[in-house]
Amino acid sequence: MAQGTDRLRRYLDDELGNCRNEDVERRLDELGTLEAALGAAQVDAELDVLSALANETRYTLVRVLVAAGEELCVCELNAVVDVSESGLSHALSALVDAGLVTDRKDGRWKKYRATNRAVALVTVLEGTVDDE
């Protein structure tokens, strides 16, 4: 913390022209308020979602479900990704747990659909990548 405080003091000195201890303390309080506003539980939940997408198989499944705009049977998804049935099941389970996909049983078949969260994330990601 001391190294971070020293660096903050140097920054504030550059910005203010003359940094006092009160300036550093005030800024540390402001930054602490920002950190507290994030909330550890919220950060953990968001990291769970991002972690669920940080795998080629899971991301491909989400992209396919978003593009489909409808439910797809697990057998259809299995045709899209080259993984074992247990690997597919594990990937879909992680996506359901992260709130990116919903599932329902339809007779002997299991069907999956992208959630609004998945649609929003894919839409944002598509807008951040340039085709070159």
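The structure is a predicted model, in which local features require pLDDT of at least 70 and side-chain atom pairs count only at pLDDT 80 or more, whereas totals for chains, interfaces and linings use all residues. Residues are numbered from 1 along each chain as its sequence is written, and side-chain values use heavy atoms, with hydrogens and water left out.

**Overall architecture**

The chain contains seven helices and three strands; helices (H or I, at least four residues) and strands (E, at least two) are DSSP runs numbered from the N terminus. From the N terminus on, the order of elements is α-α-α-α-β-α-α-β-β-α. The radius of gyration of the chain is 22 Å, well over the 14 Å that the globule rule gives for 132 residues, so the chain is more spread out than a compact globule. That radius is taken over C-alpha atoms, and the globule rule is 2.2 Å times the number of residues to the power 0.38. The C-alpha trace spans about 70 × 35 × 25 Å along its principal axes.

Of the 132 residues, 23% count as buried, where buried means under 20% relative accessible area, exposed over 50%, and partly exposed in between (1.4 Å probe, protein chains only). The chain exposes about 9300 Å², of which carbon and sulfur atoms supply 49%; accessible areas come from the Shrake-Rupley method with a 1.4 Å probe, and for residues only the protein chains shown count as cover.

**The largest nonpolar core**

A nonpolar core is a set of buried Ala, Val, Leu, Ile, Met, Phe, Trp, Tyr and Cys residues joined through side-chain atoms within 4.5 Å. The largest such core has 21 residues, among which L61, V62, L77, L95 and L100 touch the most other members. At least two residues of this core come from each of α3 (40-53), α4 (56-68), α6 (85-97), β3 (109-114) and α7 (116-128). Leaving aside neighbours within four places in sequence, L100 is in contact (heavy atoms within 4.5 Å) with residues including V49, L53, V62, L95, A118 and L121. Among contacts between residues at least 6 apart in sequence, 47% join residues at least 24 apart.

**Selected residues**

D97 is found in helix α6 and is exposed, with a relative accessible area of 65%. T123 lies in helix α7 and is partly exposed, at 47%. E22, in helix α2 (residues 21-38), also counts as partly exposed, at 49% relative accessibility.

| Pair | Sequence separation | C-alpha to C-alpha distance |
|---|---|---|
| D97 and D48 | 49 residues | 8.8 Å |
| T123 and R63 | 60 residues | 9.7 Å |
| E22 and E70 | 48 residues | 58 Å |
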